[in-house]
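Visitor: Can you walk me through this one? Keep it short.

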Amino acid sequence: MRSRIYGRLGDRVFTTVLVALGGAVMLIAALMAWELWSGGAEAFRAFGFWGFTLGREWDVVAGRFGAWPFLLGTVLTSAVALGLAFLPSLAAAIAIAEYAPRWLGEVVAYLIDLLAALPSVVYGLWGIFVLVPLVRDHLEQPLFLWSAAHAPALMGLLGPPTGIGLLSAVLVLALMIIPYSSSLARDAIRLVPREQREAMYALGATRWEVVRRVVLPYARGGIFAGVILALARALGETMAVTMLIGNGHQLPFSAFGPAATMASVIANEFAEADGGLQLSSLLAVGFLLFLLSLLVNVAADWVLRRMAVGEGQK
Amino acid sequence: MNLRRRYLRDRLMVALVYLGTLLVLLPLLFILGYVFVKGAGALNPAFFTRPPAPPGEAGGGMLPAIVGTFIIDLMALAMGGLLGLGGGVLLAEYPDHPLGRPLRMVANVLGGIPAILMGLFAFVVVVVPMGGFSAFSGSVALAILMIPIIMRSTEEVLKLLPWELREAGLALGLPRWRVTLSLILPAARGGVVTGLLLALARAAGEAAPLLFTAFGNQFLSFDPLGPMDSLPLKIYVYAISPYEDWIRQAWGAALLLVLLLMATNLLARRAMRRR
């Protein structure tokens, strides 16, 4: 009799506690969406949802706020960084999983995982004091001088060659997302069955042909998942970008000139926002960033599920 | 002839693959090298034992930031660990609980949200009602960051245990809660600890959620309800400052932070192996 109460009552208490903890997690997520939305409501009401989202002006003094420069900056930096990072990270994944001897592959894989564990501020620190001078002196200034002499029309597109700006931010961002796409691609390539490769070799294929015709098509679901995960990371990356991008929101952006992203404007202005409309506008930018990352994650989920079916990926 | 072209192409592509790998590795070694060389030069006894010097003056150290990092991160681990473990156990041990599906979905969403938004959220729900920046609000932001990581790893580790283990416990007449607490969790201890440590390492490097929650503090503080400093914050503030000595110390702090994170990761790996 006693043990029955101990069992029944204990089980009921235990599940109640677990449900309470799980419910709290769900509550936090819901509350987060709600607080960002209601915090930004004042800005959305003042300019209209689309008026705010597509507004090209961000003027603290005049009290006019629009998120378009930051939306553009976020999408632009992430897309270009992804484009730069994709081939090298795929190459690293192929080298580790296919070509390199086992010990070398393991060392390289460990180093790349280490790259993922480095904090964002450390990348930013390195970016300011090592990458920026390098980019300025050996990439931006020669290009700028060349265009001044030969193609003056390009100068507006290039912008001031100070080192701090869009180009440096994109380069560091590309470095930061490489480990994410690379490690997922590596895992997917390792899942390709041996027999597939051996059949291809038996037909007389070269190493590259095996990778190109068998391994990559077979692993493309995982490779694509890595790309989307990297994109999601890039969209929300804050510290390194804030430290390197120059934080200017004057449209149009130029390749070397200052720009801003949604995360960087929040990091930069939130602590000193003097309440009212600016604070609300920053929260509204946060809400838009929330929506954007939600969208990317849902898309990733959907794509993965579709690609997993019928691709032979179990 | 055709065969020769295929061989050439093969050699070219393999070379390109290695070149791409080198392109990935060189910057990494470059970054690590800089952090170690420049950081090692900044580490001295004062760095560990002194509060920061006033702006522009040389000397001073990182004591408040070092202490603050531990306080903020451990408070975050306590909160995030509780919620994450609870959610993970619910997902793994009660697979057909109606809360399971939405909870897993929410955890996925939470895992994809940028860290800075955790800071915004903690600002709105903790800093504003409590009337000021506080270490506690920073811990809340980091805890939310940890929850999905801990939840996923806990669920995965628990699901690896054979179902027979649970059946054996139930056959002995143990109620389910005793089976979970006395059989399942001890059996999965190594993996669970690994998940907690990895989440800790991930959160401890973040500066973005602390910018407007913990905020930073020049003085040594143990008060969880007041502003507190932390290493990532300090690196950010010092890196964009105009003072040479602060920049030197930023490298030192970066080295210390990287070493701490590497140690945590190493510990996590060992916990996993000792299962």
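This is a predicted model: local features need pLDDT of at least 70, side-chain atom pairs count only at pLDDT 80 or more; totals for chains, interfaces and linings use all residues.

Guide: On α4(A), the face turned away from the buried side carries the exposed residues R102(A), W103(A), E106(A) and Y110(A). Residues are numbered from 1 along each chain as its sequence is written, and chains are lettered from A and ligands numbered from 1 in the order written.

Visitor: Which residues of α4(A) are buried?

Guide: V108(A), A109(A), I112(A) and L115(A). Seen down the axis of α4(A), they fall within an arc of 110°, so they line one face of the helix. The arc is taken over directions from the helix axis to the C-beta atoms.

Visitor: What do the buried residues of α4(A) pack against?

Guide: α3 (68–99) and α7 (166–190) of chain A, together with α1 of chain B. Helices here are DSSP runs (H or I, at least four residues), numbered from the N terminus.

Visitor: Where is the kink in α3(A)?

Guide: At A85(A), shortly before the proline P88(A). The kink is about 35°, the angle between axes fitted to the seven residues ending there and the seven starting there.

Visitor: New topic. How many residues does the contact take from each chain?

Guide: 68 from chain B and 66 from chain A, with contact meaning backbone-placed C-beta atoms within 7 Å. On the side of chain B that touches chain A, the largest share, 19 residues, comes from α1(B).

Conventions: Two residues are in contact if their C-beta atoms, placed from the backbone, lie within 7 Å. Helices (H or I, at least four residues) and strands (E, at least two) are DSSP runs, numbered from the N terminus. A residue is buried if 20 or more other C-beta atoms lie within 10 Å of its own, exposed if 12 or fewer, and partly exposed in between; C-beta atoms are placed from the backbone.
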